[in-house]
Amino acid sequence: MSLLRTKTIEQSIADTDEPEYQLKKRLTALDLTVFGIGVIIGAGIFTLTGRAAQAYAGPSIALSFVLAAICCGLAALCYAEFSSTVPVSGSAYTFSYFSLGEIFAWIIGWDLLLELMLGASVVAQGWSTYAALFLEQIGLGWPDSIGPESNVNVLAMLLIIVLTILATIGIKESLRVNLALVAVKLFVVLFVIVAGLFYVKGSNLTPFIPPSVPAESGAVSITTPLFQALFGFTPSTFGVMGLVSGASLVFFAFIGFDVVATTAEEAKNPQRDLPRGIIGSLAICTVLYVLVCIVITGMVNYKDINGEAALAEAFRSVGRPGFATLISAGAVAGLTTVVLTLMIGAARVVFAMSRDHLVPAKLGKTHPKFGTPYRLTIGIGVVVAIVAGVTPIGKLEEMVNIGTLAAFTLVSIAVPLLRKKRPDIERSFRVPGNPVVPILAAVICVYLMLNLSLETWLRFAIWMVLGFVVYAVYGYRRSRVGREEQTGEVTKA
């Protein structure tokens with residue numbers, strides 16, 4: 001049996017009608033756009049902006065966001081074509097299965113599992129920090145012994161438990177809560193932009209691209225970007241290379257739009273609404289990100305930015321502690337929606353993999369009343385809660401980034417390949433400029449991957465080796481497509 005065996009598009013669509021694996025079609029274009037905004041606006045604005053400006057790019061972090069957004073925008077066009085043409089859960093995993101083959105589908109599914117579950121854990125820990133700060137600011141407080149700095153982060157675990165219950169009850173119900181929280185954080189973000197403009201100093205934005213500075217050690221280390229190590233560049237921060245490294249880091253802020261594609265099977269009119277949801281959420285968030293970057297680096301010199309709570313500390317530094325409390329509340333609301341959306345996305349990816357028997361099929365069965373993959377949702381919630389609660393996480397945003405960029409690369413390559421392989425399929429949305437635009441998207445994604453650290457690449461390699469072991473031991477032998485290839489009969493999910 002071939003590792004490149006493929007699942008037909010027709011079979012992928014037919015699988016969505018099987019009663020035990022059927023998701024309810026309840027989402028509109030507005031739901032999908034809010035879903036995307038809900039996960040995109042979060043960690044990028046509330047945590048990464050200040051850290052990346054301080055360590056990598058200075059005021060030019062705004063351009064880092066633009067570069068990351070261009071990469072995401074090109075990939076978003078590819079996602080929009082696939083998800084509207086084949087509205088099936090699984091996002092890049094599903095797209096890769098019928099265009100590139102099973103082994104690539106497994107690689108991407110394993111990548112997405114890393115991206116979404118680890119991303120939810122990282123953001124839940126960030127949420128607990130802001131939540132504890134907010135409780136302190138309003139006079140309630142939270143015990144340090146079970147707080148963000150303790151051995152067991154109970155706040156983060158409580159968040160995951162509540163969101164797991166919500167995601168299990170139903171996606172429409174989850175999105176109602178999501179809509180309310182998105183409204184709160186959009187208000188806070190707009191407030192930051194408008195109020196912050198009154199405190200911007202031109203001197204803080206000059207020079208906009210700070211001159212390049214050699215790394216402290218001056219030698220290649222495990223934290224050196226792979227691109228600099230491979231081509232003999234002197235390890236450095238700031239300057240043009242710092243701007244690009246900043247883009248590789250803040251890429252974490254844009255991972256939301258591809259999660260929209262994981263809900264394709266639950267959209268009422270996927271051919272029309274999915275492209276709108278994917279591209280619309282990305283466009284809105286990019287504009288807001290750039291404006292916030294300019295405001296923050298204009299209010300505080302990039303060397304003095306607080307990397308953990310940049311927005312709140314910026315207003316506190318100009319004598320507006322009340323504004324800092326409001327921003328903390330917005331961060332709590334904002335990061336809540338990020339965690340919720342990532343967990344829903346993770347459940348939908350593994351749901352698609354279980355329907356193909358690459359992971360145990362029983363895990364993917366949907367609840368007869370709620371219409372959600374409840375077993376998977378609960379299982380993922382347990383894992384995310386444990387990781388967020390007891391694991392000291394640091395610098396793992398880059399791990400999320402490398403998994404996402406790998407997925408974007410393969411999806412971009414798959415667009416021209418499927419156009420050539422299946423020109424007969426009706427496509428309600430087409431990537432303009434094929435094959436140039438998809439190939440350009442793949443090249444930019446690979447370049448951003450190369451600007452991640454050697455440490456990140458090493459961790460990624462270990463994760464992928466583990467994935468190949470799981471596939472060899474279980475997925476390859478149990479594969480539904482593989483069994484059909486052997487017997488010549490279509491098997492039920």
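**Close-up 1. Glu10, Arg422 and Asp424 are joined in a network of salt bridges.** A salt bridge here is a side-chain nitrogen of Lys or Arg within 4 Å of a carboxyl oxygen of Asp or Glu. The model is predicted: local features need pLDDT of at least 70, side-chain atom pairs count only at pLDDT 80 or more, and totals for chains, interfaces and linings use all residues. Residues are numbered from 1 along each chain as its sequence is written, and side-chain values use heavy atoms, with hydrogens and water left out.

**Close-up 2. Glu10 pairs with Arg422 in a salt bridge.** The closest N and O atoms of Glu10 and Arg422 are 2.7 Å apart. Glu10 belongs to helix 1 (residues 9-15), whereas Arg422 sits in the loop between helix 16 (397-421) and helix 17 (436-450), so the contact ties together parts that are 412 residues apart in sequence. Helices (H or I, at least four residues) are DSSP runs, numbered from the N terminus. Glu10 is partly exposed, at a relative accessible area of 47%; buried means under 20%, exposed over 50%, and partly exposed in between (1.4 Å probe, protein chains only).

**Close-up 3. Asp424 also forms a salt bridge with Arg422.** For Asp424 and Arg422, the closest N and O atoms lie 3.0 Å apart. Asp424 counts as exposed, with 54% relative accessibility.

**Close-up 4. Glu455 and Arg459 form a salt bridge through their side chains.** The N to O distance between Glu455 and Arg459 is 3.2 Å. Both residues lie in helix 18 (residues 454-478), four residues apart, or about one turn of the helix. Arg459 is partly exposed, at 29% relative accessibility. The structure contains seven salt bridges.

Methods: Helices (H or I, at least four residues) and strands (E, at least two) are DSSP runs, numbered from the N terminus.
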